[in-house]
Amino acid sequence: MLEIRNLHANVDGHEILRGVNLTVKAGEVHSIMGPNGSGKSTLAQVLAGNETYEVTEGEVLLNGRNLLELAPEARAAEGVFLAFQYPVEIPGITGSYFLRQALNSVRRYRGEEELDAVDFLKMIRERLKLVQMDDRLLNRSVNEGFSGGEKKRNEILQMAVLEPRLAILDETDSGLDIDALRIVADGVNRLRSPERAMIVVTHYQRLLNYIVPDFVHVLVNGRIVRSGGKELALELEEKGYTWVEKESARAELAGAR
Amino acid sequence: MAVITEKNSNHYVAEFERLEKTSAGPTWFNPVRKAALAHFAEQGFPTTRHEEWRYTNVAPLARTTFRSAAPTAVPVDLDAIRPFLFGDADSTRLVFVNGHYVPELSIATGVPAKVTLANLAELLETEPDTLRPHLARYAGFETQPFIALNTAFFQDGAFIHVPRGFVCETPIHVVYLSTGGPEPVVSHPRTLIVAEEASQVTVVETYAGLNGGGYWTNAVTEIVAGDAGVVDHYRLNREHDDAYHIGAVRTQQGGHGTVTSHGLTLGGGLTRNEIHSVMNGEGGDLDLNGLYIGRGSRHIDNHLRVEHAAPHCDSREYYKGILEDSSHGVFTGRIVVHKDAQKTDAKQTNMNLLLSGNAQVDTKPQLEIFADDVKCTHGATIGQIEESEMFYLRSRGIPEKEARDLLVYAFASESIARVKIAPLREALQRLLFTGANEDRLLIEEASNP
């Protein structure tokens, strides 16, 4: 489903991604772990099309389609969804309006019929249950005054509504207590399907106890330095990131020679 | 500059003399007109050297010889004014074209008999005693050349009176329409709203233009709320893009009176809105809400002066501007707290959204506080569309243009939500939010956070 080949990206002239290669197939859940500043969030933002990041080299294919030439809204319509690490507050726009606009924009792009208010309401009620969210939150401005947990749940709700083919969860666990984490992870798990791929970006192994990945990759210094199964996450938890950091520094040195 | 000023006050003096000779109207008000003219002749047009006019250059008004607008030669029909109406087609309204009352387009019958709803030209003749205590008693012209000019020249306008203790639930719409045309003309619409003790009234004034031609509207509105009187006032500027609009609103309120005045500027070439509110009864409550939309090379100057002249009064100013292209917005908010106005609570907010590198805003709070137990706060912001918000919306599939429109709308939504008349609120939503999504239901939903 997703092919990332030799992806390089800069922000403000600094190279953050330095040749990322990753293949994700439909139905798979991949976790990307790494120390702070390794480029995890940059990778997530680049895939979603944030123009703050400049792609200098490489390609990204989604079902054979060059993702990098698409605007963020087209990527969303093609099935890419990013659950933000820091969901943005939009004062003055209610959650339900925002969600319906988003869904109908995507449906328009795909040539599907738009949902009217009644059908939308029916569908949203169903999806709210998935993340145990109160529908009153939808009558408030998007994310404004939401707690950390409410914001993250709102992200998963949006994912449930837009039904992406590729969902990227960027540090969805950060700032959540264990109860909120369980609810969010539970919502994500229910959205797992053979047609859907997920990339779970996280610093801590904790989240992966609840969202169990098929593959774990370690990103250090803008490159994936190690890949493995879910046991790799446990190994990382035990040995710490310095273990892979040292290893990658040695490899770079060897490469330089 | 001085020469131009002199020449043009001469033009108005000559015009006044001509009108005086030809007019067959009542004479009781003439001394006031003469005094006003004398003040105008003495002051002439302000220049940007005047501190109060620093950001707004009215030289084009001083330079041009505007003739008094005549009743239109081509009759204006209902279809022409329909775009400026809201709600039901037969809702209560007074319609003026080029400053002259048009009874055929007006519906003055929708209000209860206790409410007086009439045109000033007629009342000047028939009911001088009703007008005398109020007309030109509040909008001082001694230092205000444009108010002076209006007072000297106004031909007609609306008079709304609600007696003691009466609540007029029907909103009253006053439409001042300019037809425009090949020659520069000026009209001087005058509005007087009197809500007696413990009464209530809602009035919407719409200023609109059918054609361009650089016409000038020089309007004055006086609003008086007696003790515990409630006035909800809206002033909607939908003038033609090359029109000049100078509008003065003067509000006065008694003890425990509540005045709300909304200034909504969606049109015009050069607009100056002057609002001067005096709270001279204890426990008064004042809201001045504003929304101004700059497009093209539009210039919009909102000049507010709130005077707390009695204790325990609250005032809130909430003005928001959206400026596109090479438009220019100006906000000046002066709050004056008199010596005895203890326990004053005054709040001023001016927020601006700049949508283009060429758009410009000047915003200036001015506080003059002579009492010692008061709370006065002010805040001004000038911002742009947040890239992070844009990306968030787009990452959810909302196309760039719609995302931008949505964020602009979100910025304006609180101002629109403050409009209490539902059909007017809906009309504004449509005016401000066309294109991206015209589904009214959705818009209502979006603006209701």
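**Walking through the model**

Let's start with Gln132(A): its relative accessible area is 48%, so we call this residue partly exposed. The cut-offs there are buried under 20% relative accessible area, exposed over 50%, and partly exposed in between, with a 1.4 Å probe and protein chains only.

Quick housekeeping. This is a predicted model, so local features need pLDDT of at least 70 and side-chain atom pairs count only at pLDDT 80 or more, while totals for chains, interfaces and linings use all residues. Residues are numbered from 1 along each chain as its sequence is written, chains are lettered from A and ligands numbered from 1 in the order in which they are written, and side-chain values use heavy atoms, with hydrogens and water left out.

Back to Gln132(A), which sits in the loop between α4 and β8 (141-142) of chain A. Helices and strands here are DSSP runs, H or I with at least four residues for helices and E with at least two for strands, numbered from the N terminus. As background, most residues other than glycine have a negative phi. His312(B) is another one: phi is about 60°, again positive and again not a glycine. You'll find His312(B) in the loop between β16 (299-308) and β17 of chain B, and at 42% relative accessibility it's partly exposed.

Now the helices. How do α3(A) and α4(A) cross? Helix α3 (residues 95-109) and helix α4 (residues 117-130) of chain A have axes that come within 11 Å and cross at roughly 105°. Axes are lines fitted to C-alpha atoms, for helices over the stretch in contact, with angles from 0 to 180 degrees between N-to-C directions. So α3(A) and α4(A) are roughly perpendicular, given that the classes are under 35 degrees for roughly parallel, over 145 for roughly antiparallel, 65 to 115 for roughly perpendicular and oblique for the rest. On the α3(A) side we've got Ser96(A), Leu99(A), Arg100(A) and Leu103(A), and they meet Ala117(A), Phe120(A), Met123(A) and Ile124(A) in α4(A); contact means heavy atoms within 4.5 Å.

On to aromatics: searching the whole structure gives 20 aromatic pairs over all chains. Rings of Phe, Tyr and Trp (its six-membered ring) pair if their centres lie within 6.5 Å, and planes under 30 degrees apart count as stacked, over 60 as edge-to-face and the rest as tilted. Take Phe98(A) and Tyr392(B): centres 5.8 Å apart, planes at 20°, so that's stacked. This pair joins two chains, because Phe98(A) is in helix α3 of chain A and Tyr392(B) is in helix α8 (residues 387-394) of chain B. Both Phe98(A) and Tyr392(B) are buried.

Then there's Tyr319(B) with Phe331(B), a tilted pair at 5.5 Å centre to centre and 45° between the planes. Tyr319(B) is in strand β17 (residues 314-323) and Phe331(B) in strand β18 (residues 328-337), both of chain B, so the pair ties together parts twelve residues apart in sequence. Tyr319(B) is buried at 1% relative accessibility, and Phe331(B) is buried at 0%.

Last bit: charges over rings, meaning NZ of Lys or CZ of Arg within 6 Å of the ring centre and within 35 degrees of the ring normal. Lys239(A) lies over the face of Trp243(A), 4.5 Å from the ring centre, and Arg132(B) lies over the face of Trp28(B), at 4.9 Å.
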